[in-house]
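Take a look at the structure below. Keep it in view while you read this short report.

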Amino acid sequence: FSLDDAASARAMSESSARTIVLASPAKIGFAARVRVVDWPSVETLVVSALPPEFADGLGQHGVSVAYAT
């Protein structure tokens, strides 16, 4: 994400009824150059794999995890 892309995505998230994030497991757990939204703003994370401890942490923020196959 560029700063402009992140600002656009943030605006879409703020004006939406729900925010769903589709992410590659290779990117989970790494710091991004740009933060789009904080986890408490995300309703669902869709991912093919996720370490259990990370999923537990997301649950504490109210984020559900959906596993794609």
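## A phenylalanine in a helix

Is Phe-54 buried, partly exposed or exposed? The model is a predicted one, and in it Phe-54 has a relative accessible area of 24%. Phe-54 is therefore partly exposed, because that class lies between the buried limit of under 20% and the exposed limit of over 50%.

## The aromatic pair

How many aromatic pairs does a search of the whole structure find? It finds one. The partners are Trp-39 and Phe-54. Their ring centres are 6.2 Å apart, and the ring planes stand at 80°. The pair is therefore edge-to-face, because planes over 60 degrees apart count that way.

Where do the two residues sit? Trp-39 belongs to the loop between E1 and E2, and Phe-54 belongs to helix H2, residues 52-60. The pair therefore ties together parts that are 15 residues apart in sequence. Trp-39 has 30% relative accessibility, so it counts as partly exposed.

## An exposed arginine

Now look at Arg-33. It lies in the loop that runs between strand E1 (20-22) and strand E2 (44-47). Its relative accessibility is 76%, so Arg-33 counts as exposed.

Arg-33 and Ser-2 are 31 residues apart along the chain. Their C-alpha atoms are separated by 8.5 Å.

## The sheet

Which order do the strands take? Three strands make an open sheet, ordered E1-E2-E3, with parallel pairing. E1 and strand E3 (64-67) are at the edges. Each of these two has a single partner strand, so one side of each has no neighbour in the sheet. On average, neighbouring strands of this sheet are turned by 20° against each other, direction ignored.

E2 and E3 are paired in the parallel sense. Four bridges join E2 and E3.

## A buried threonine

One residue lets you look at this pairing in detail. Thr-44 has its place in strand E2. Its bridge partner in E3 is Ser-64.

Is Thr-44 buried or exposed? It has 12% relative accessibility, so Thr-44 counts as buried. Which residues does Thr-44 contact, leaving aside neighbours within four places in sequence? They are Thr-19, Ile-20, Val-21, Val-63, Ser-64 and Ala-66.

Notes. Residues are numbered from 1 along each chain as its sequence is written. This is a predicted model: local features need pLDDT of at least 70, side-chain atom pairs count only at pLDDT 80 or more; totals for chains, interfaces and linings use all residues. Side-chain values use heavy atoms; hydrogens and water are left out. Buried means under 20% relative accessible area, exposed over 50%, partly exposed in between (1.4 Å probe, protein chains only). Rings of Phe, Tyr and Trp (its six-membered ring) pair if their centres lie within 6.5 Å; planes under 30 degrees apart count as stacked, over 60 as edge-to-face and the rest as tilted. Two strands pair if DSSP finds at least two bridges between them. Axes are lines fitted to C-alpha atoms, for helices over the stretch in contact, and angles run from 0 to 180 degrees between N-to-C directions. Contact means heavy atoms within 4.5 Å.
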